[in-house]
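Biologist: I would like to learn how to read a protein structure, one feature at a time. Could we start with the inside and work from there?

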Amino acid sequence: MNLFLGIDFGTSGARSVVIDTHGGVHAEGVCNSKESLVTMESPKLWKNGLFELLNQIPKDLCSQIRAIAINGTSATVLLCDEMGNPVTAPMAYNHSCDGAIVERLKAIAPPDHPVLSSTSSLVKLLWWQENLTPPPKGKLYFLHQGDWLGFLLHDKLGISDYHNSLKLGYDVVNLCYQSWLLRAIQWEGKIRPILPQVLTPGTCISPINGELSDRFGFRRDCIIRAGTTDSIAAFIASGASYPGEAVTSLGSTLVLKLLSPRAINVAKYGIYSHRFGDLWLTGGASNTGGALLRHFFSDRQLESLSRQINPNIPCYLDYYPLLQPGDRFPINDPNLLPRLEPRPSNDVEFLHGLLNAIARIESQGYQLLQNLGASPLQRVYTAGGGSQNSTWTTIRQHHLQVPVIPSPHTQAAYGTACLAMGGKLIKKSNC
């Protein structure tokens with residue numbers, strides 16, 4: 001039997017899925033983490049999580065796995081030496097850098113490019129160039145989270161994919177680094193990191209490291225393929241395949257992706273588009289989402305309180321739910337203040353207000369995309385933990401006014417397994 005392994009490193013933990021050529025699931029694994037993404041110990045935790053997931057796969061399945069792909073959180077980045085050892089604490093996907101760097105970039109980057117955000121990969125790289133003290137000696141490599149995890153499997157340092165590299169400034173139309181980007185990283189600074197080689201997601205990179213093959217029981221010819229980001233992987237898993245179909249990922253954050261023939265890139269709203277075959281995935285990501293809900297309630301409380309909410313009754317609490325100042329989409333403002341008052345004494349009412357507010361932000365996001373020229377919204381698939389909350393689904397459907405459907409496969413790891421199997425961007429959830 002030919003099997004394929006997808007590994008998802010999201011914002012709250014890591015998961016794995018093993019599938020066959022028909023899309024059937026043979027094994028799943030999970031490794032949850034409450035640790036921060038921005039400590040010097042984080043790469044060690046990522047590595048431990050990766051190996052824990054590999055160890056969870058039954059050995060008789062490992063020997064049948066033909067290919068592996070990994071996704072990581074978009075714009076979570078780190079600097080490594082020429083042996084692949086991290087030399088900095090990573091910067092997480094939502095880490096906001098000095099806005100002055102964005103203003104300098106505006107002079108040379110194309111208008112509305114995704115790098116023109118204080119959380120973009122390129123802005124983080126430029127911040128390190130100016131502020132890393134003392135500057136490390138020797139060669140330095142700039143990598144995304146998924147790039148570094150892939151390196152642990154294939155030993156080829158400095159390889160990325162064009163989904164992860166979009167916010168680094170890689171040109172996904174012409175498939176190259178443009179001259180403006182190369183000029184940007186030549187600004188006066190203490191370091192000159194090596195940019196990754198960028199491949200199409202699903203491209204064959206190399207067979208698995210021989211030591212890991214022996215340790216976990218993989219075939220020596222098991223191929224490691226170029227990966228993607230967690231939100232793109234969730235889209236692949238959903239089964240969405242036509243313009244106007246969209247996927248909302250209700251994980252730790254809120255991520256919207258709408259399939260459209262036209263790319264929409266409007267930096268002032270935090271909107272950008274990923275290449276997806278002959279179409280484009282246009283959308284954005286808000287800092288609101290499941291992490292905020294879990295800040296106030298346990299999973300058990302969320303389930304119990306949600307059952308007590310009548311989703312057909314309007315909610316008049318005017319929240320903008322954030323854990324800390326700053327959002328990216330549909331309002332792109334690093335100083336946007338959370339709005340979580342007044343808090344009712346009744347937790348059912350409070351949760352109703354939070355769920356309603358996140359649904360309102362989702363609706364505003366899709367409406368903004370359509371106003372800017374994306375395909376009219378026809379249907380929304382839902383991935384992530386929030387997809388299991390039927391009360392929230394009803395509230396969201398009231399706001400969106402289109403069918404809201406649970407994804408056939410809600411885990412990003414499933415979409416990444418499809419990528420590992422097909423070696424290309426697959427639009428159907430049955431792979």
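Modeller: A nonpolar core is a set of buried Ala, Val, Leu, Ile, Met, Phe, Trp, Tyr and Cys residues joined through side-chain atoms within 4.5 Å. Buried means under 20% relative accessible area, exposed means over 50%, and partly exposed is in between, using a 1.4 Å probe and protein chains only. This is a predicted model, where local features need pLDDT of at least 70, side-chain atom pairs count only at pLDDT 80 or more, and totals for chains, interfaces and linings use all residues. Residues are numbered from 1 along each chain as its sequence is written, and side-chain values use heavy atoms, with hydrogens and water left out.

Biologist: Which residues touch the most other members of the largest nonpolar core?

Modeller: First the general idea: in soluble globular proteins, nonpolar side chains tend to be buried together. Here the largest core has 42 residues, and Leu-293, Leu-351, Leu-354, Tyr-366 and Leu-377 touch the most other members. Helix 11 (347-371) is among the elements that supply at least two residues each, as are strand 12 (245-250) and strand 13 (254-260). Helix 11 gives the largest share, twelve residues. Helices (H or I, at least four residues) and strands (E, at least two) are DSSP runs, numbered from the N terminus.

Biologist: What is Tyr-366 in contact with, beyond its neighbours within four places in sequence?

Modeller: Contact means heavy atoms within 4.5 Å. By that rule, the partners of Tyr-366 include Ala-246, Val-247, Leu-256, Leu-377 and Leu-400. There is also a second, separate core of 35 residues, which includes Ile-70, Leu-149, Phe-218 and Cys-222.

Biologist: How should I read a polar residue such as Thr-382? Is Thr-382 buried or exposed?

Modeller: Thr-382 counts as buried because its relative accessibility is 2%. Its place is in strand 16 (residues 379-383). A polar contact is a pair of N or O atoms within 3.5 Å; within protein, one must be able to donate a hydrogen and the other to accept it, and residues adjacent in sequence count only if both atoms are side-chain atoms. The side chain of Thr-382 makes one with the side chain of Arg-396, at 3.1 Å.

Biologist: How many disulfides does the count come to?

Modeller: A disulfide is a covalent bond between the sulfur atoms of two cysteines. The rule asks for a pair of cysteine sulfur atoms within 2.5 Å, and the count comes to zero. Take Cys-97: the closest cysteine sulfur, in Cys-80, is 17 Å away, too far for a bond. Cys-97 is buried, at 8% relative accessible area. Cys-204 is in no disulfide either, as the nearest cysteine sulfur, that of Cys-222, is 10 Å away.

Biologist: And how many aromatic pairs does a search of the whole structure find?

Modeller: Rings of Phe, Tyr and Trp (its six-membered ring) pair if their centres lie within 6.5 Å; planes under 30 degrees apart count as stacked, over 60 as edge-to-face and the rest as tilted. The search finds eight pairs. Trp-128 and Phe-142 have ring centres 6.3 Å apart and planes at 70°, so they are edge-to-face. Trp-128 is in helix 4 (residues 121-131) and Phe-142 in strand 6 (residues 140-144), 14 residues apart. Tyr-319 and Phe-350 are edge-to-face, at 5.8 Å centre to centre and 70° between the planes. Finally, Phe-296, Phe-297, Tyr-319 and Phe-350 form one aromatic cluster.
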